[in-house]
Amino acid sequence: MRFSRIRACAAAAMLLLTGCGQRAAADTGNAALHEYDPEGFAWKWPEKFSEEGTVNTTADSYQSHDLNIQLSRHFIGRLNGDVNHDQTVDITDAVLSCRLLAEDAPADLSAEGMLNADCDNDGNVTLADTNRLMRYLKQMLTGVEFFTNRTVSYVVADVYVRDIRSLRGAFAKGTFPEKGSAQLESISKMAEDNNAVLAINCDYCEIRSNGITCRNGVMYRDTARAEVAVIYQDGVMDVLTDAEYRALMPEQVANIWQTTSFAPGLVKDGVQMSGFSGSTYTDLHPRSGIGYFEPGHYCFVQVDGRQPGYSDGVSVAEFAEIMFGLGVQEGYNMDGGSSSEVVFLGQTYNHPSGIKTGSTGGRKNSDILFFCNLDEIPEDTAAAAWFEAQNTEVTETTNAG
């Protein structure tokens, strides 16, 4: 770890941390790239934000003076048996299937809905389909036996921020976790403790000692990693190789606001990345990622997996295709698997998987990325502890000299 980088980034961070909840003063004497703009991004999309003190929410959206969040669910493939198209197969579908046979189905059941009632995929909806559906619900058929097509379910959270300080990172239990510390909490607990409107798992940085870990302008770890996503204080996000990161100017490093370094990159300069190899990348798993459209406009993307009949998961190449299809300029893969979880307004929005195929329930993690309102920015206890430790180290070194 290079101490000079830590101190440079920490100094820049203190200017922001001391002004949390307030507008920071502009530093007109600093000509460095990517510096914080106290005017923020709201001038580009004034219609995205509500009046101060006003919050508008639905089950899938949130609008405040500082944030505009729109969540949407997406489904790839045909889920036979999902008669009402709610991306689950349950007793409601069985009832609807029976009503179809009795010619008592609601008028809004489309031809596509009829197709989804064709559980045995023979081109007709008959009593055999209802019987097959009931056998599945009684666990007499597995998802693999019941569903005839591979399915993928994923969530996109489209987010506009008024100010880059609304995009934040946090660690489990409020301090930076060293490798092997077992310093873990649920995504929902970290979201609650940090006043997050929307949160997603990030790097699981506790399981490794390498990577570039900068949160809220503080550089906690700076060691080689194949690729890193860097978000600067002006809101720009770049996917960089380690060589590209090392070539940054000191003032650029000092103006880094967030990083994520789980890897790999998915979209770079508007181009879908490719060439992913190895089972970790090619096997089907739940995935989590962050995308960048322009300064102040981002997305979280989360793919469920390991749940046959609901969502099988995707390879990294397929995840890159999803990201690219959203139109992001930069896209990056974060920790996935059973860590992959989105929490919105205190509730888990997706269906996290377990470690084994077919099991459910997300695992605890070491860190999150999240969005919050400016007047609800939490105290950065991790930064305070880190600065104290660094000051102690400097004092001890000075005394020893």
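Buried means under 20% relative accessible area, exposed means over 50%, and partly exposed is whatever falls in between (1.4 Å probe, protein chains only). What you're looking at is a predicted model, where local features need pLDDT of at least 70 and side-chain atom pairs count only at pLDDT 80 or more, while totals for chains, interfaces and linings use all residues. Residues are numbered from 1 along each chain as its sequence is written, and side-chain values use heavy atoms, with hydrogens and water left out.

**View 1. The whole protein, before we zoom in.**
The secondary structure comes to eleven helices and 19 strands. Both are DSSP runs numbered from the N terminus: helices are H or I with at least four residues, strands are E with at least two. There are 401 residues in the protein, and buried ones make up 53% of them. A contact means heavy atoms within 4.5 Å. Take the contacts with a separation of 6 or more: residues 24 or more positions apart account for 73% of those.

**View 2. Inside the nonpolar cores.**
A nonpolar core is a set of buried Ala, Val, Leu, Ile, Met, Phe, Trp, Tyr and Cys residues joined through side-chain atoms within 4.5 Å. The largest one here has 49 residues, and those with the most contacts inside it are Ile69, Leu71, Leu198, Tyr245, Ile256 and Phe371. Zoom in on Leu198: leaving aside residues up to four places away in sequence, its partners include Ile69, Leu71, Phe300, Val342 and Phe371. A second, separate core holds 18 residues, among them Tyr154, Met273, Val314 and Val328.

**View 3. Helix α2 and its buried side.**
Which residues of α2 are buried? They are Asp93, Ala94, Leu96, Ser97 and Leu100. These residues cover an arc of only 165° around the axis, so they sit on the same side of α2. The arc is taken from the directions that run from the helix axis to the C-beta atoms. Among the elements covering the buried residues of α2 are α3 (111-116) and α4.

**View 4. Helix α4 and the residue just past its end.**
In α4, the buried residues are Asp129, Thr130 and Leu133. Their arc is only 100° around the axis, which puts them on the same side of α4. They pack against α2 and α5. Now look just after α4, where Gln139 takes a positive phi of about 65°. Gln139 belongs to the loop between α4 (127-137) and α5 (143-146). Is Gln139 buried or exposed? With a relative accessible area of 74%, Gln139 counts as exposed.

**View 5. Another positive phi, at His85.**
Most residues other than glycine have a negative phi. His85 isn't a glycine, yet its phi is positive, about 60°. You'll find His85 in the loop between β3 (67-76) and α2 (91-101). Its relative accessibility is 39%, so His85 is partly exposed.

Most peptide bonds are trans. The one joining Ala263 and Pro264 is cis, with omega at about 5°. Pro264 lies in the loop between β11 (256-260) and β12 (265-268). Tyr281, in helix α9 (residues 279-282), touches both Ala263 and Pro264, and its other contacts include Phe276 and Arg287, with residues up to four places away in sequence not counted. At a relative accessible area of 25%, Tyr281 is partly exposed. Tyr281 and Val314 are 33 residues apart in sequence, with 9.1 Å between their C-alpha atoms.

**View 6. Helix α10, buried side and exposed side.**
α10 spans residues 316-326, and Val316, Phe319, Ala320, Ile322 and Met323 are buried in it. Looking down the axis, these buried residues fall within an arc of 160°, so they line one face of α10. The face turned away from that buried side carries the exposed residues Glu321 and Gly325. After α10 comes Gly327, with a positive phi near 90°.

**View 7. The cavity.**
A cavity is a set of points on a 1 Å grid, over the protein atoms alone, where a 1.4 Å probe fits but cannot get out; lining residues have an atom within 4 Å of a point. Grid points are joined across faces, edges and corners, and the volume is the space filled by probe spheres set on them. How many cavities of 30 Å³ or more does the structure hold? There is one. The largest cavity has a volume of about 30 Å³, and Tyr36, Asp37, Phe41, Asp163 and Gln233 are among the residues lining it.

Note on methods
On a 1 Å grid over the protein atoms alone, a cavity is a set of points where a 1.4 Å probe fits but cannot get out, and a pocket is an open set with protein on both sides within 12 Å along at least five of seven lines; lining residues have an atom within 4 Å of a point.
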